Every structure is written in structure tokens, then in C-alpha cells.
Amino acid sequence: MDQKVVLITGCSSGIGLSLAVRIAKDEKKRFMVYATMRNLSKGELLVKAAGRTLGRSLEIKQLDVCDEKSIKACVDSLPERRVDILISNAGMGLIGPIECQTIEEMKTVMDTNFFGLVRLLKEILPDMKARKSGHIVVISSVMGIQGILFNDIYAASKFAVEGFCESLAIQALRFNLKISLIEPGPVVTEFEHKVYEEGMKTDLSKVDKLTADLFTNIYLKNYNQIFSSLGQTPEDIAEHTHKIITMDNPPFRHQTNTLYTPMTTLKYADPHGDLPIDIFYKMVFEHDKVFNASLNFLKLLRWRSRKSFTLDKPQS
Ligand SMILES: NC(=O)c1ccc[n+]([C@@H]2O[C@H](COP(=O)([O-])OP(=O)(O)OC[C@H]3O[C@@H](n4cnc5c(N)ncnc54)[C@H](OP(=O)(O)O)[C@@H]3O)[C@@H](O)[C@H]2O)c1
């Protein structure tokens, strides 16, 4: 059987790195992985994790999702330019009150998280259409479905990704192409640390006292606890994604964290959209002690349910 060619973006750390290694180590050797990163000098961690797969089922290449030339050069360097499975993973976060963020900072997030995907597809989609085969997998987020306090711009970038993919999926069907959105909740990676560190440095002098207080004493204060209670590992996300790319009929949407599902379900339960907003408001501002206790309880549940997952029914 021919190996499928998998191109993954953002493999210098976190989810991208784990994905590249997991897929390259596929038990049935079904994949040839091109693990890409914008800065090849950051490849050391991947080289170490790839071990014996390096030069066999895994190759490292340069690709910056914000640079069309770099995307084209990378795709041109592949045998017959063939990509069977594209995993669009590269991304960045941004937290804080919008009053403290510049339009340039916001544009960088949109440029990476949303236009990065668009640029990749402008290069890869025509070949997939011509071959009438291909799977486009996008690492989205639960924040592509449900906005979260002080993640306004990041959530907007992931909503853009989701709207784009929902529209494209209809056309893709006509060409026998598959699209899957992977929607993790919090994942403990460099992302978490980078976003938190940047958040801590926010110049709050540009915002009113109440907003500054909400950001510092509610959001940032709970940030680490949310990750330690609900957070998955990048290896968990890699395992879920590996399962999705080996399915005959992969789903369009796949949430990786069953503990988060009740929160995103609220969105679909109320066509007016007030329910999730009210519940989040009450959880954060009126019942913060219950919220904290729930996070501790969730931490315990996570620990107990860490072992396995299934794609078609919730974990017990
Ligand atoms: N961590 C979470 O809680 C979480 C939750 C849901 C979804 N996600 C999504 O998961 C994806 C991966 O995030 P992660 O958690 O693994 O974070 P991470 O460890 O910070 O990894 C992000 C990767 O994206 C790369 N990247 C950033 N800008 C790029 C560009 N212009 N071109 C190419 N690569 C670029 C980074 O490269 P450099 O090393 O060069 O910066 C890094 O390799 C993102 O799309 C993120 O939105 C994360």
C-alpha cells in the first residue's frame, strides 16, 4: 500500500511536534510526514522526539504560514507536490482587554491563525481537487465555537477558521475531499506559557479600573487552574488526530475534551445565544467559589478518565 503524504505546520513545539511524531510512528507505517516549522533552528526538540523515524517516515522542512513564497517552496519540494493530508496547526494566542492591544497585534493573530490556513489551501487545494482526493485537518479550538472572556481576538480568529471551513466543506464534498476541525479545550503547551507571560506584561494603564481588575484578579488568577484542571496533553490531541486521519468517514467536527462538551452544548441549546453568555457570566462573576470547586472536581475526573477515549460516545 502507498504511504499517504502528511504535511503539518507549526511542528517546533506543542501539538504540532506531538502530531508529527505520533503519525510518523504509525504502527502500520501508513504515512510519510513532512513536519514543517518557520524557523528550522528550533528543530532540536522534534529531532530528538522523532528518533529513528527521522529520514524515514519523517522529514523536517521550512514553512512560514504568513509567507506565500515559503509555502510554495515547501510544497514544490515534495515529490510531485503531493499532499494527501494537510494538518494546519500553526497558531498563536492573545489575551487581554482589547483597549490594551494594538491593531497590529490583532492582525498578526488573524494573519497566522486564519490567513495562514487560507494561504496553505490556495497552494494545496487545486492539486487535491485535481486528484479528487485529500483530507484537510485543521487544529481549531473550542473557542471556534464559544467565545471566552478576554480571548476576544483569538476566538474571532478561530471563529473565522470555522466559518471558512464550514463553507468550503460543501464544495469539498463535490471533489471527494474531506475536512475535519479538531477542537481542543485547554492544552498544556508552550502556547499556555507564552500567552500567560504576554498577558502578565499587558499595560493596563490604557483601560478602566474595573476591566483591569477583572483581567488581573479573575482571569489571570484562574488561568493556570483552568489549564491544570481541564488541560489535555499535546500527546492526547495527537492521538485524537491520528484516529481522525485513519477513519474512513472522519467527522467534520471533533472535540477532544469531553469535560468541555457541556459548555459548548449550551450554545446549541439556545437559538437566542443568551444561555452560554449568562452561564459563563454567573460562573465567573457570581459563583466564583463554586467555579473554583468545580475546577478541582474536574481535575479529579480528568485524572480518572485520562486512560482512554472514544470517538462515538462520551467517556464514563
Ligand atoms: N494550547 C492550547 O490550549 C490550545 C487549545 C486549542 C487549540 N490550540 C491550537 O493548537 C495549535 C498549536 O498550538 P500549541 O498549543 O501547540 O502551541 P505552541 O506550542 O505555541 O505551538 C505553536 C506552533 O505554531 C508555530 N507558528 C506560529 N506562527 C507561525 C507561522 N507564521 N508559521 C509557521 N508556524 C508558526 C510556532 O512556531 P514558533 O516556535 O516559531 O513560534 C509553534 O511551532 C494552534 O493553532 C492553537 O491555536 C491550542
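Guide: S141 sits in the loop between β5 (135–139) and α5 (152–174), where helices (H or I, at least four residues) and strands (E, at least two) are DSSP runs numbered from the N terminus. The model is predicted: local features need pLDDT of at least 70, side-chain atom pairs count only at pLDDT 80 or more, and totals for chains, interfaces and linings use all residues. Residues are numbered from 1 along each chain as its sequence is written.

The unreviewed UniProt entry places the feature "binding site" at S141; such positions are given in the numbering used here, feature names are shortened, and annotations may be inferred rather than shown by experiment. S141 counts as buried because it has 27 C-beta neighbours inside 10 Å. The cut-offs are 20 or more other C-beta atoms within 10 Å for buried, 12 or fewer for exposed, and partly exposed in between, with C-beta atoms placed from the backbone. Leaving out residues up to four places away in sequence, S141 touches K158, E183 and P184, contact being C-beta atoms, placed from the backbone, within 7 Å.

Now the ligand. Of the 31 residues around the ligand, G10, G14, A90, G91 and F191 come nearest; a residue is near if its C-beta atom, placed from the backbone, lies within 6 Å. Two or more residues each come from α1 (14–24), α4 (103–131) and α6 (190–200), and α6 gives the largest share, four residues.

Conventions: Contact = placed C-beta atoms within 7 Å.
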